[in-house]
Amino acid sequence: MCIICVSEKGIKQPTMELIETMFATNPDGAGYMVAEDGRVRISKGYMTIKDLKNALNQEHFKKDDVVVYHFRISTQAGVQPAMTQPFPYTNNIKNTRALDCIADLGIAHNGIIRQLSNPDDKTYSDTAHFTAEFLPEFIGRPEDLTEEFLVALARVTNSRFAFLDGTGTVYYSGQFIEDYNGLKFSNTSYTGYRGKTISEQKRTA
């Protein structure tokens, strides 16, 4: 089902312990996007926690950086770097496979879009199809992400989305949980197995 974690402007980035916990409970690859210089920079395809931590250590994200993290559980197209998220807003599905790119809008999804589920599709996930083939029919720019549209999107897909634009504005579709002094999560898997983070599990083992 995946998990999205959002650090808005002024909110401290998730600790490496939280990063490790989210990866452990959603282990099929990870990525992140950050608002930077009026655009959205996406970096994904991290298939091990070591590679993800190395990348984040080089980023040096601060409280003023708006960052959206995504950790995947594969439900279609298998476990592959290209289908980790976030995805760029695009009308060309091939662009969803890019591991590093710049976009006007980035998209992270938590859920299964059952209308597009196809277990025989080994190349693209349901989210990739939705991003490239359906979203452009409804939104052409960030301003189209109205509250009415975001509410309808959550109801129709039974999912949660986080959209990030170049200004650092995050648009939420579906219910998110606020915890850890302002971080927002799309589900409770950030608490780890049996509601304990990685370090808490180690202490009680």
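In the predicted model, strand S5 and strand S7 (residues 105–110) form an antiparallel pair that extends over two bridges. Within this pairing, Pro-88 has Gly-106 of S7 as its bridge partner. The two strands belong to an open sheet of four strands, arranged in the order S5-S7-S8-S9 with antiparallel pairing, in which strand S5 (87–88) and strand S9 (170–173) are the edge strands, each pairing on one side only. Helix H4 packs on this sheet, where it touches strand S8 (160–165) and S9, and the direction of H4 makes about 40° with that of S9.

A further open sheet is made of seven strands, which follow the order S6-S3-S2-S4-S1-S11-S10 and pair in the antiparallel sense. Strand S6 (100–103) and strand S10 (177–179) stand at its edges and have a single partner strand each, so that one side of each is left without a neighbour in the sheet. From one strand to the next, the twist of this sheet averages 20°. Strand S2 (residues 30–36) and strand S3 (residues 39–46) are joined in antiparallel fashion over seven bridges, and among the residues of this pairing Ala-35 has Val-40 of S3 as its bridge partner. Helix H1 packs on the sheet and touches strand S1 (3–7), S2, S3, S4 and strand S11 (183–185), with its direction making about 35° with that of S4. Helix H2, in turn, lies across S2, S3 and S4 and runs at about 15° to S2.

The largest pocket holds about 210 Å³ of space, and its lining consists of Ile-113, Gln-115, Leu-116, Phe-130, Phe-134, Phe-138, Phe-149, Ala-152, Leu-153, Val-156 and Thr-157. Helix H3 (126–134) and helix H4 (147–157) each supply at least two residues of this lining, and H4 gives the most, with five residues. The lining of the pocket contains nine nonpolar and two polar residues but no charged residues.

The structure holds one cavity of 30 Å³ or more, and about 70 Å³ of space lies in the largest cavity. Its lining is formed by Cys-2, Arg-72, Ile-73, Thr-75, Gln-85, His-109, Gly-111, Ile-112, Ser-125, Asp-126 and Thr-127, which divide by class into three nonpolar, six polar and two charged residues.

Most residues other than glycine have a negative phi, and most peptide bonds are trans. Gln-85, which is one of the residues lining the largest cavity, is joined to Pro-86 by a cis peptide bond with an omega of about 15°, and Pro-86 is placed in the loop between strand S4 (67–71) and S5. His-60, although not a glycine, has a positive phi of about 55°, and this residue is found in the loop between H2 and S4.

How values were computed
Residues are numbered from 1 along each chain as its sequence is written. This is a predicted model: local features need pLDDT of at least 70, side-chain atom pairs count only at pLDDT 80 or more; totals for chains, interfaces and linings use all residues. Side-chain values use heavy atoms; hydrogens and water are left out. On a 1 Å grid over the protein atoms alone, a cavity is a set of points where a 1.4 Å probe fits but cannot get out, and a pocket is an open set with protein on both sides within 12 Å along at least five of seven lines; lining residues have an atom within 4 Å of a point. Grid points are joined across faces, edges and corners, and a volume is the space filled by probe spheres set on the points. Ala, Val, Leu, Ile, Met, Phe, Trp, Tyr, Cys and Pro count as nonpolar, Asp, Glu, Lys and Arg as charged, and the others, Gly among them, as polar. Two strands pair if DSSP finds at least two bridges between them. Contact means heavy atoms within 4.5 Å. Axes are lines fitted to C-alpha atoms, for helices over the stretch in contact, and angles run from 0 to 180 degrees between N-to-C directions.
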